[in-house]
Amino acid sequence: GPRPAGRTRWFVALATVTALAVTAAPTGAVAAPVLGPTGRVLAAQRADPGAECPPGQSDCHVWDEEPGTPGSPGNPGGGGGGSGRTCQRNGVTVPCYDDLLGWFNNSDGCYYKRARPQPPGGPAGQTLYLRSCAGAQEPVWLTNPPNGYGTPPDPAELANRALASLTLRRPTVGIAPNRGPGLVGLPIWLWTDPGPTTWGPQRASARAPGLTVNIRARVTKIVWNMGNGRRITCTNPGVEYVPGRDGGGPSPKCGYAGYPRSSHGRPGGTYRITATTTWRVDWWTGGGRRGVLPLQTRTSEPRQLRIDELQVVTG
C-alpha cells in the first residue's frame with residue numbers, strides 16, 4: 001500500500017554500531033541508547049514516490065486525445081482481502097516489513113531490524129536490534145524478538161505494494177468521425193489505446209521474508225459517456241477507424257448507433273464524450289492463496305464531438 005506522506009527512511013551504518021562500546025542491561029530490559037543525539041547519522045535516504053506519479057513517471061498530467069499517447073494514471077487504489085497481520089501507526093496503515101528498516105511493531109510504532117553481524121561482548125542471552133522510530137534510529141538489546149517480528153504481512157498489503165509499482169493510465173479517446181462534424185443517425189466508432197498501460201495486462205510482484213505476492217492488472221470494461229445521457233459499455237478496446245478502408249458502417253468492436261434528432265427539432269449539437277476503464281487486479285502467492293484487490297477506475301479527459309443534421313434542399 002502507499003506509504004505515509006513525508007516519511008523519511010534512516011539507518012545507522014553497522015560499522016558505527018559495532019565500533020561502539022557495549023552497555024549491558026538487565027535481562028529482558030532495553031539498554032540505554034548506544035548512540036547519543038549527535039551520533040545518530042543519516043546514512044541513506046530513500047524518497048517515496050509521490051501520491052500522484054508512479055515510479056519512473058515524472059509527469060502525471062500528460063494527455064492527448066489520440067490513441068497511443070500517454071494519459072494520467074489517476075488516483076492510486078488500495079484495500080483487499082487475505083489473512084495475515086496488518087500494521088498501523090497513529091491510525092495510518094504502514095508496511096509490516098520494510099527492506100531497509102525491518103519489521104514493524106504495532107505496540108510502539110517502531111521498526112526493528114536484527115544487527116548483522118552481532119557485535120561481540122553483548123549481554124548474555126540478548127540480541128542487538130536497530131530500532132527506527134519517527135525518523136530516528138538507535139540500537140537496543142532485547143532478550144526476545146519484538147512483537148510481530150518475522151510475522152508475514154497480509155498478502156493484500158504486498159499486493160497493494162506491487163500495484164503501486166504499476167502505471168495504470170487514463171484511457172485515450174478515439175472517435176470517428178474525428179475530422180469535422182458527424183451527422184445525425186450515422187454510427188460512431190469508439191476506441192482507446194490497447195497498450196499495456198491503458199488496457200493491460202500488467203504484472204508485478206512484491207515480497208517480504210517468507211512471502212511473495214504476484215499480481216496481474218487488466219481492464220475488464222470501458223464505459224463511454226456519449227454526452228447525451230447514453231452510456232456504451234464495451235469489454236474490448238475497440239478498433240481504430242481507418243478512412244477509405246472502413247466506410248461508413250458501424251464499428252465491428254465498439255461503437256454507438258448514432259445520435260438521434262433532438263426532441264426540440266433543432267438539428268445536431270455538440271457532445272462531451274468521456275471514457276472510463278475499470279481495472280481488475282488479481283493477486284496470488286506461491287502457496288496457492290488468491291484474492292482480488294478493489295477495482296480501479298481511470299477516466300479520460302473529455303473530447304468534444306459536433307453532430308449536424310443533413311439538410312435536404314427541395315425546389
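1. Which order do the strands of the open three-stranded sheet have, and is their pairing parallel or antiparallel? The order is β8-β10-β14, and the pairing is antiparallel. Strands here are DSSP runs of E with at least two residues, while helices are runs of H or I with at least four, all numbered from the N terminus. Two strands pair if DSSP finds at least two bridges between them.

2. This is a predicted model, in which local features need pLDDT of at least 70 and side-chain atom pairs count only at pLDDT 80 or more, whereas totals for chains, interfaces and linings use all residues. Residues are numbered from 1 along each chain as its sequence is written, and side-chain values use heavy atoms, without hydrogens and water.

3. The pLDDT (the predictor's confidence in each residue, from 0 to 100) averages 74 for the protein, and 68% of the residues score at least 70. Over residues 1–82 it stays under 50; the model has 182 contacts beyond four places in sequence for this stretch. A contact means heavy atoms within 4.5 Å.

4. The protein has two helices and 18 strands. Three bridges join β8 to β10, and Ala 176 has Trp 189 of β10 as its bridge partner.

5. A nonpolar core is a set of buried Ala, Val, Leu, Ile, Met, Phe, Trp, Tyr and Cys residues joined through side-chain atoms within 4.5 Å. The largest such core has 39 residues, of which Ile 188, Leu 190, Ile 215, Trp 224, Met 226 and Tyr 259 touch the most other members. Strand β12 gives the largest share of this core, seven residues.

6. Beyond its neighbours within four places in sequence, Met 226 is in contact with several residues, including Ile 188, Leu 190, Tyr 259 and Arg 272. A second, separate core has six residues, among them Cys 87 and Phe 104.

7. Gln 137 lies in strand β7 (residues 136–142). With a relative accessible area of 4%, Gln 137 is buried. Its side chain makes a polar contact with the side chain of Ser 132 (2.6 Å). A polar contact is a pair of N or O atoms within 3.5 Å; within protein, one must be able to donate a hydrogen and the other to accept it, and residues adjacent in sequence count only if both atoms are side-chain atoms.

Notes: Buried < 20%, exposed > 50% of the residue type's maximum accessible area, 1.4 Å probe, protein only.
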